Amino acid sequence: MCYSLSATKDQEVCTLCVAEKFFTYWNPPRVRETGALQNESANCSLRPTAAQEQRQVRMTTLTHRTRRTEVSKSSEKKIESEEDTNQERSPDNEDPGDSKDIRLTLMEEVLLLGLKDKEGYTSFWNDCISSGLRGGILIELAMRGRIYLEPPTMRKKRLLDRKVLLKSDSPTGDVLLDETLKHIKATEPTETVQTWIELLTGETWNPFKLQYQLRNVRERIAKNLVEKGILTTEKQNFLLFDMTTHPVTNTTEKQRLMKKLQDSVLERWVNDPQRMDRRTLALLVLAHSSDVLENVFSCLTDDKYDVAMNRTKDLVELDPEVEGTKHNATEMIWAVLAAFNKS
């Protein structure tokens, strides 16, 4: 408050002080109201609107859904990858070539069973092994998905009447198999199983068909066994001539093969060809037709020998026409057996 210079004890108030008091008395409510409005407007500017809140809720929901979808997809991929890994590791999908045992073709197994261990050659009186090896070539090609028998028709129901057809001409990696595959591909019209066994053996009267004969089959198969470390190569003198022989060096592999055939008709006998292993069934048929099964069972006791021979006889005496029509039957095995039975 200001006072005039000539103020008395009563302190006369100047006109400016009265005006200031009057203004202060009437304006504070309006100033406070204005300040409140400014604060409220500031709060409103900071507070999101209802539309903004809804938009923010939607964005949050979408984010959660996206994250859940990504998590579910990643978990599904992880489960699928684990299932694929388990399937790849399952015993049913394992490649037989990855086993510890040496992978042999049916022809190599038949020849190995027919060879004398120390002498390194087959019996001179065995005239069945040549056709047996050719039959093994046809079965091996069928098992590898290269050839098959034509579907049965009203006129061609029998196995021996149906032609051998080409399924795939991709190389197998075996010289004999690829050579036979080449002959089958180039032959027109197609031939039956029995005709092919005769052509590959060279037992034909048609001079134009002699080109299909597979030559030096035993020697070529023996060389494959030498490369696999089962046989070795020697030369023996037989007075008038020298002959290349192939004594057995890896007796463990031959014993394993013989034990597999012995168990198939003794301890593991199932009395049903459809439940037997396909390669074991084929080897039994080929070994019997090649007259080398005696070498497999000769080391058994008399009782087991009789049981093994009788069961094998019952097996090969089954009707190939009936067995070939059963579910999961390998028609080529029974067609080869039918050809051997007819010859």
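Visitor: How much space lies in the largest cavity?
Guide: In this predicted model, a search of the whole structure finds one cavity of 30 Å³ or more. Rolling a probe the size of a water molecule over the atoms shows where empty space is left. The space that lies in the largest cavity comes to about 30 Å³.

Visitor: Which residues line the largest cavity, and how do they divide by class?
Guide: The lining is made up of Lys-157, Leu-159, Arg-162, Pro-320, Glu-321, Gly-324, Thr-325 and Glu-331. By class, the residues of this lining divide into two nonpolar, two polar and four charged.

Visitor: Turning to the second largest pocket, which helices each supply at least two residues of its lining?
Guide: About 280 Å³ of space lies in the second largest pocket, and its lining has 16 residues, of which Ser-131, Ile-197, Ala-339, Phe-340 and Ser-343 lie nearest the centre. Classed by type, the lining has six nonpolar, seven polar and three charged residues. The helices that each supply at least two residues of this lining are H7, H10 and H14.

Visitor: Is H14 largely enclosed or largely open, and which of its residues are buried?
Guide: H14 has 12 residues and reaches 16 Å from its first C-alpha to its last, close to the 16 Å expected at 1.5 Å a residue. Nine of the 12 residues are buried, so H14 is largely enclosed by the rest of the structure. The buried residues are Met-332, Ile-333, Trp-334, Ala-335, Val-336, Leu-337, Ala-338, Ala-339 and Phe-340.

Visitor: What do the buried residues of H14 pack against?
Guide: Two of the buried residues of H14, Ala-339 and Phe-340, are also among the residues that lie nearest the centre of the second largest pocket. As for packing partners, the buried residues of H14 pack against H5, strand S1 (147–149), helix H7 (193–201), H10, H12 and helix H13 (320–323).

Visitor: Is Ile-137 buried or exposed, and which residues does it touch?
Guide: Ile-137 has its place in helix H5, residues 129–143, and because its relative accessibility is 0%, Ile-137 counts as buried. Not counting residues up to four places away in sequence, Ile-137 touches Met-107, Leu-176, Leu-177, Thr-180 and Leu-214.

Visitor: Which residues does Lys-163 touch?
Guide: Lys-163 is found in the loop between S1 and strand S2 (164–166), where it is partly exposed, with a relative accessible area of 21%. Its C-alpha is separated by 8.5 Å from that of Tyr-148, which is 15 residues apart from Lys-163 along the chain. Not counting residues up to four places away in sequence, Lys-163 touches Tyr-148, Leu-149, Glu-150, Lys-156, Thr-190, Glu-191 and Thr-192.

Visitor: Which residues does a cis peptide bond join, and what is omega there?
Guide: Most residues other than glycine have a negative phi, and most peptide bonds are trans. Pro-189 has its place in the loop between helix H6 (175–186) and H7. The cis peptide bond joins Glu-188 and Pro-189, with omega about 5°.

Visitor: What is phi of Asn-216, and what is phi of Asp-291?
Guide: Asn-216 has its place in the loop between H7 and helix H8 (217–227), and at 58% relative accessibility it counts as exposed. Asp-291 is found in the loop between H10 and H11. Neither residue is a glycine, yet phi is positive in both: near 55° for Asn-216, and about 60° for Asp-291.

Methods
Residues numbered from 1 in each chain as written. Predicted model: local features only at pLDDT ≥ 70, side-chain atom pairs only at ≥ 80, totals over all residues. Heavy atoms only, no water. 1 Å grid on protein atoms, 1.4 Å probe; cavity = no way out; pocket = protein on both sides within 12 Å on 5 of 7 lines; lining within 4 Å. Points joined across faces, edges and corners; volume = space filled by probe spheres on them. Nonpolar A, V, L, I, M, F, W, Y, C, P; charged D, E, K, R; others polar. Helix = DSSP H or I, 4+ residues; strand = E, 2+ residues; numbered from the N terminus. Buried < 20%, exposed > 50% of the residue type's maximum accessible area, 1.4 Å probe, protein only. Contact = heavy atoms within 4.5 Å. Expected span 1.5 Å × (residues − 1).
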